[in-house]
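Open the model in your viewer and keep the sequence panel beside it. We will go from stop to stop, selecting a few residues each time.

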Amino acid sequence: MNWAAFTTAAPELAAITERRFGAFRHHVLATLRRDGSPRTSGLEADFRGGELWLGMMADSWKALDLRRDPRFALQANPGEGTAMGGGDVRIAGRAYEVGDGVTKAAYVKEVEPPQPFHLFRTELTEVVRTFVEDDTHLVVQVWRPGAPVRTLRRT
């Protein structure tokens with residue numbers, strides 16, 4: 001399921017997620033190393049044309065990780081202090097590299113990223129938002145494809 005399908009399935013959570021990612025330029029991407037251990041790296045996420053795009057420098061470790069195993073988690077930058085306006089947001093899924101061709105050329109024309117670079121299109125498997133409500137409840141909203149947003153509240 002791509003970003004456009006997610007925004008149709010869960011429009012309120014999608015809007016909050018885009019605002020959280022839009023609040024800061026750099027976020028944290030988690031990929032899997034060859035031995036299965038996690039690797040975290042800084043990344044700029046790009047919501048464009050109904051897709052969540054991940055662009056990265058040529059032959060970066062994170063790009064090589066995704067080529068080998070497409071599973072990822074992307075954590076929104078929490079920002080300064082402890083306010084975390086909009087909550088803590090994480091997207092998980094699989095990322096597939098876009099080869100040279102019409103799609104990548106259109107992206108390059110619009111975004112003008114530094115060359116050379118890798119471009120990955122994502123398929124979402126989960127979006128999670130965690131926030132504090134009324135200084136009383138920890139609220140966790142979880143979305144997975146084919147299911148409505150599930151909301152859990154803890155005191």
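Rings of Phe, Tyr and Trp, the last taken by its six-membered ring, count as a pair if their centres lie within 6.5 Å. Keep in mind that this is a predicted model.

**Stop 1: the aromatic rings.** Select Trp 3, Phe 6, Phe 21, Phe 47 and Trp 143, which form one aromatic cluster. The structure holds six aromatic pairs. For one of them, select Trp 53 and Tyr 107: the ring centres are 5.6 Å apart and the planes stand at 55°, so this pair is tilted. It links distant parts of the chain, since Trp 53 is in strand 4 and Tyr 107 in helix 4, 54 residues apart. Are these two side chains buried or exposed? Trp 53 is buried, with a relative accessible area of 8%, and Tyr 107 is buried too, at 9%.

**Stop 2: charges over rings.** Now select Lys 104 together with Phe 117. Lys 104 lies over the face of Phe 117, at 4.6 Å from the ring centre. Next, pick Arg 129 and Phe 131: here the charged end of Arg 129 sits over the ring, 3.8 Å from the centre of Phe 131.

**Stop 3: a hairpin.** Select residues 27-32, strand 1, and then strand 2; the two run antiparallel and are joined by six bridges. Leu 32 stands opposite Pro 38 of strand 2. Five residues lie between the strands of this hairpin, and Gly 36 takes a positive phi near 90°. Stay with strand 2 (residues 38-43) and show its side chains, which alternate.

**Stop 4: backbone details in the loops.** Which residues are joined by a cis peptide bond? Gln 115 and Pro 116 are, with omega about -15°. You will find Pro 116 in the loop between helix 4 (102-111) and strand 7 (117-133).

Move on to Asp 59, in the loop between strand 4 (51-57) and helix 3 (61-68). Asp 59 is not a glycine, yet has a positive phi of about 60°. Its relative accessibility is 55%; over 50% counts as exposed, so Asp 59 is exposed.

Finish at Asp 135, in the loop between strand 7 and strand 8 (137-143). Asp 135 also has a positive phi, of about 50°, although it is not a glycine. At 78% relative accessibility, Asp 135 counts as exposed.

Technical notes
Residues numbered from 1 in each chain as written. Predicted model: local features only at pLDDT ≥ 70, side-chain atom pairs only at ≥ 80, totals over all residues. Heavy atoms only, no water. Buried < 20%, exposed > 50% of the residue type's maximum accessible area, 1.4 Å probe, protein only. Helix = DSSP H or I, 4+ residues; strand = E, 2+ residues; numbered from the N terminus. Pairing = 2+ DSSP bridges. Phe/Tyr/Trp six-rings, centres within 6.5 Å; stacked < 30°, edge-to-face > 60°. Lys NZ or Arg CZ within 6 Å of the ring centre and 35° of its normal.
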